[in-house]
Amino acid sequence: MAPALSTRTHVALTVNGRARRIEVPARRTLAEALRGDLGLTGTKVGCNRAECGSCTVVLDGRAVFSCSVLAVEAAGRVVETVEGLAGPAGLHPLQAAFIEHDAVQCGICIPGMLMSLKALLDDTPTPSADDVRQAVGGNLCRCGTYPNTVKAALAAASALRDRREAGSR
C-alpha cells in the first residue's frame, strides 16, 4: 500500500559535501527542500515545470532540474548547489569567469547555468563551444548572455586544466 501523500519522510543526503537530514512531505521537490528546509536559496525556482533550468543542481554528478526531482528521490545521494562552488580559496573558476566575461545579468538563471556547466566540466575537461551550448541548452536566459556564457565556460575549463596540471607537478 502506498503511503499517504501527507506523510512526512526523513531524508538523509549529502549537500555540498555535508551530510544533511531533513523531514519532508512526500511531495516536496528537491528545489523546495533545498530552499525551504536547508536555506540554500541560490537554487532558483522559475517555471517550476522543468522548462527553464533556473533550479539546476548537480545530483550524483549529473545536472538535473531540482523542481522535477522529489526530495525523497535524493535520499542517500550527493547534491551540489551553487552555494557549494566557492571554496576557502575563493570563487570557483566558473564563477570568476562569469564575472570576467560579463556573463551575468539579473541572476535568476545564473545559478542553474553554473551548475549545468560544472557538471559538463567535471565530465569533459576540454569542452568545445558546442559542448557548452549543449550543456546550457535547458537553461533559459531572458537577458541573453549566451555568447558570454560560452566564453566564460571555455575560460573556466582552461583555468581548471591549468590548476590540475599545476597540482600534478
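**View 1. Asp102 sits in the loop between helices H2 and H3.** In this predicted model, local features need pLDDT of at least 70 and side-chain atom pairs count only at pLDDT 80 or more, while totals for chains, interfaces and linings use all residues. Residues are numbered from 1 along each chain as its sequence is written, and side-chain values use heavy atoms, with hydrogens and water left out. Helices (H or I, at least four residues) and strands (E, at least two) are DSSP runs, numbered from the N terminus. Asp102 has a relative accessible area of 44%, so this residue is partly exposed; buried means under 20% relative accessible area, exposed over 50%, and partly exposed in between (1.4 Å probe, protein chains only). Between the C-alpha atoms of Asp102 and Asp122, which are 20 residues apart along the chain, the separation is 22 Å.

**View 2. Helices H2 and H3 cross at roughly 125°.** Their axes come within 10 Å, where axes are lines fitted to C-alpha atoms, for helices over the stretch in contact, and angles run from 0 to 180 degrees between N-to-C directions. From H2, the residues that make the contact are Leu94, Gln95 and Phe98, and from H3 they are Ile110, Met113, Leu114, Leu117, Lys118 and Leu121; contact means heavy atoms within 4.5 Å.

**View 3. The largest nonpolar core has 25 residues.** A nonpolar core is a set of buried Ala, Val, Leu, Ile, Met, Phe, Trp, Tyr and Cys residues joined through side-chain atoms within 4.5 Å. Among the residues with the most contacts inside this core are Leu94, Phe98, Leu117 and Val132. Two or more residues each come from helix H2 (93-100), helix H3 (110-123) and helix H5 (146-167), and H3 gives the largest share, 8 residues. Leaving aside residues up to four places away in sequence, Leu117 touches Leu94, Phe98, Val132, Ala135, Val136, Thr149 and Ala153. Apart from this core lies another one, of 17 residues, including Leu30 and Val64.

**View 4. Five strands form an open sheet in the order E2-E1-E5-E3-E4, with mixed pairing.** Two strands pair if DSSP finds at least two bridges between them. Strand E2 (18-25) and strand E4 (62-65) stand at the edges with a single partner strand each, so one side of each has no neighbour in the sheet. On average, with direction ignored, neighbouring strands of the sheet are turned by 40° against each other. Strand E1 (residues 8-15) pairs with E2 in the antiparallel sense over 8 bridges; Ala12 has Arg21 of E2 as its bridge partner, and Thr14 stands opposite Ala19 in E2. The two strands E1 and E2 form a hairpin with 2 residues between them, and Asn16 in the turn has a positive phi of about 50°.

View 5. Leu30, Ala31, Ala33 and Leu34 of H1 are buried, and E1, E2, E3 and E5 are included in what covers the buried residues of H1. Just after H1, Gly39 takes a positive phi of about 70°.
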